[in-house]
Structure formats: structure tokens, C-alpha cells
Amino acid sequence: KTETESDYKLNPKKLRLLELKARGTTKWDNATRLNNGDNASVGRLLSRSHDGAQFMSMLVHDAKKDDVMAPDLISDPDLRRLMEDARNWREPAETPDLTDLGAPGTVITDTVAMLQNVRNMYAHLFRMRRTNLEAQRMMLQAFPEDLALPEAVKWRLGRRATVAETRSAIKAIKRQKAADDEGLVAEALQMMSTDLWAELVTESFNASFAKGKLSDAQRFGLLKILYKKGDVRLLTNYRPLAITSIIYKIQATIIQARWTKVLPSVIAECQHGFVYGRRQFENVMKIRDVGAYADMVADERAKGSCPEKSPLLHGSDLVEIDLGLYICDRDKAFDRVCHLWLVRALCRLCGCACDWRPTLQAYLDDDPVITPTGYAPLPDAVRWIVVLLHDHRRKAVINGNKTDAWSLLCSVFQGCPI
């Protein structure tokens, strides 16, 4: 023990590697990745449970904190008054059942308490939140009605799944990834009777469309938390990674492939990230160009000359415009995507208005869409998204143990093709 301690004290790099290995975050760990052509690693992966991160102690997470933006943070007075009007708010239809573990920041070492603490955090993160209908109305109206998708495109997005689509999705699933909770890996589907798997998955997916949600196994996922940086006892310093059903990934990939080439026509040109045919570096280059232009204007003014008369800047309308850069990194942005809002936004893209409903099930049971002829069911293109996201359940894994399950009421989670 003494030799080990002195060795790692003198070698911080080795200590860091040991810490990463102990926390299951080594990139090529057989528990999370497969080695190319190594059949033995496949066997080890299938026979081994998802052990997840290892904790000796943990700090109690504040699972009662309200992360909805307060109206007093809004600078526009008219918008602030709308946000302060209680009549515009709707309370969540479901709230998570949390365990009281004491004051936030308290150190806990008991395994059961740590499991409850992890469940508290993620049940609170993936909960329903208060909804401001006025804010949603303003955002929906920002999308022009004349840019709505044409009927032929909506039909292609909403049609039933085909065997050809499923076969392509099976081939597109990434290899060398972790097995799901039932021990299934992508290689098993890709190398063994792909045509038979395609027929079975297609039939299952179309049956789920009629029912309104996927099977229990397809809606279940394990959450493995990966250490990022900072205090190892603080859960917010870990990144959650969802290990979902392989069958679910195939089904989601089918819908993703349909929407991928359609969305660029309805997403603003200024958004380049995560949009087919666009690259984030294009916006980066635009920012660099604007910054260089501002530098040239500043240089001309520093010389005491008039920027408008400069041969480089002559005739530009931007000379008198002040430049400001705003950088905003949304905390847990994808984890907090509201499913109820996503349905309303997609309906707007399809050219119809959609009333707010308190749950996803209500969008399937009622007629929430407003058309020129009255109320109607959800467009099939949107119904597919509801089927994929409806009623998911999650468990997290730490120290080789699973937490109790909780409902996934928001987020487009990491590991989901959508």
C-alpha cells in the first residue's frame, strides 16, 4: 500500500489513468466498446452487467431547485408582464416521487442512499416543468405559415415503416457499441438474418404506431454516468449516457432518416449545427470575418481617418454598426427539451395549429390539431415522434447496482438518433 501511494503521488498521469479506469470511462474498456474482430470481447460484453461509475461517497443533490427562468430576468417590460401573469402558466400534470436525503451538499456514504440520490437527480432533471402558453404562442407565430411542409412531404414523413427502410436502418446502426439491457448488440442483427430481423422490426414498429407507444423493453434504458471534471462526489460533474434498446435505435433511425433532408427547408439559415448539408464551421468563419471587419474599422478610426472613405470599407453599410458577440451555453439543453412543446412545434411545421395538452397521451386520445375544417387528430408525421418518445423509463447504474426506475418526461436523450 505504501509503495502504491508513493508511486502515484510521484506520477500524477498514472493516478489519472487509474481514476478513469476505476470510474469506467476508459475509451476502449471492454464493458463499453468492442474490439474489431475480437469474439472473446463480444462474449465478455454479453455476459457482463453494466457496472457504471464507482462512488465511495456522494454529495446530496438539490432535487427541489426550480430551473425555470424567472420573469424578473427578462429585460423587455411587455414580455416580462406576460411572463408574470399567472393565467399564462400551466402546472405539470406529473411530478416525480423524490426521497428526502437531507440538506443539499450533505455527504452520504450508504449505498442505498447514494442510489436514491442518483434517482432523485435524474427524476428531477427529466421531469415535466411549468409551461408558459404565451411564450409558446409567440415562438410558434415566429414560424411563417407559408413555409409549412407540403402535403406530399407530410405523407412521406407519416407513412408506415417499410422493410427496405428497416433494412437500411439496421445497416446504419453503429458497431462496436455497448449491448442493451437484454444483451443485444448491433453486430448480431447485421450479421445474422438481416432480412428476417427487418421484417420483424417493421411489423413491431407499425403495430406500435397503431397502439401509440413502443413495447416495455423498447422504452427502457440504462443510464451510465461518465465523469467529466471537478469534485467526483458531485453528480452534476458527470455526463449521463443512455444505453437504449437496439430495436429502439433502429426504429428511431428510420424516422430520423425521413426528417433529415426535410428539416433544412424549415430551419432558419443562420442555424448550422445538427442540420443536414450545413456545417458549424461556416458560422465560425462568419464570426471571424465580422471580427476582422470590426478591427479594420477600429484601425481606421485610431489613425484619425474616416472609415467611410477607406478603400477597404468604402460603400459598406456596416461601418456605423457596433459589434457585440453573445455566447450562450445552455445547461443540459437537450435533457430539458419539453416533449409537449416538441409536438406543438412539429405541428406548426406541418401547417396546423395544436392546442396545448398536459401529457403526451392526451395528444393521442384527443383531437388537438386545429385545421380550417375544425379539430383533427395529430398528423401521422408527428404521431411517429410521439410514439418514439412516449412513456420511457430509465434506471441508472452505480457501484454495480441499479436505481429504482423513473419516467422520462422530457429530453431528446443522448444515445437517441433523434
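**Aromatic rings**

I started with the rings and found Phe55, Tyr227 and Tyr238 in one aromatic cluster. For pairing I took rings of Phe, Tyr and Trp (its six-membered ring) with centres within 6.5 Å; planes under 30 degrees apart count as stacked, over 60 as edge-to-face and the rest as tilted. The structure holds 7 aromatic pairs. One of them joins Phe274 and Phe334, edge-to-face, with 5.8 Å centre to centre and 85° between the planes. That pair links distant parts of the chain, 60 residues apart: Phe274 is in the loop between helix 11 (246-260) and helix 12, and Phe334 is in the loop between helix 12 and helix 13.

A note on the model: it is predicted, so local features need pLDDT of at least 70 and side-chain atom pairs count only at pLDDT 80 or more, while totals for chains, interfaces and linings use all residues. Residues are numbered from 1 along each chain as its sequence is written, and side-chain values use heavy atoms, with hydrogens and water left out.

Phe274 counts as exposed because its relative accessibility is 81%, whereas Phe334 is partly exposed at 48%.

**Charges over rings**

Next I looked for a charge over a ring (NZ of Lys or CZ of Arg within 6 Å of the ring centre and within 35 degrees of the ring normal). Arg130 has its charged end over the ring of Trp89, 4.5 Å from the centre. Arg383 does likewise with Phe209, at 5.2 Å.

Helix 12 has 23 residues and reaches 34 Å from first C-alpha to last, close to the 33 Å expected at 1.5 Å a residue (1.5 Å times one less than the number of residues). Asn283, Tyr293, Val297 and Glu300 are buried in this helix.

Lys332 counts as buried because its relative accessibility is 17%.

**One more positive phi**

Asp391 also has a positive phi, near 60°, and is a residue other than glycine. I located Asp391 in the loop between helix 15 (380-389) and strand 10 (392-398). With a relative accessible area of 30%, Asp391 is partly exposed.

Terms used: Helix = DSSP H or I, 4+ residues; strand = E, 2+ residues; numbered from the N terminus. Buried < 20%, exposed > 50% of the residue type's maximum accessible area, 1.4 Å probe, protein only.
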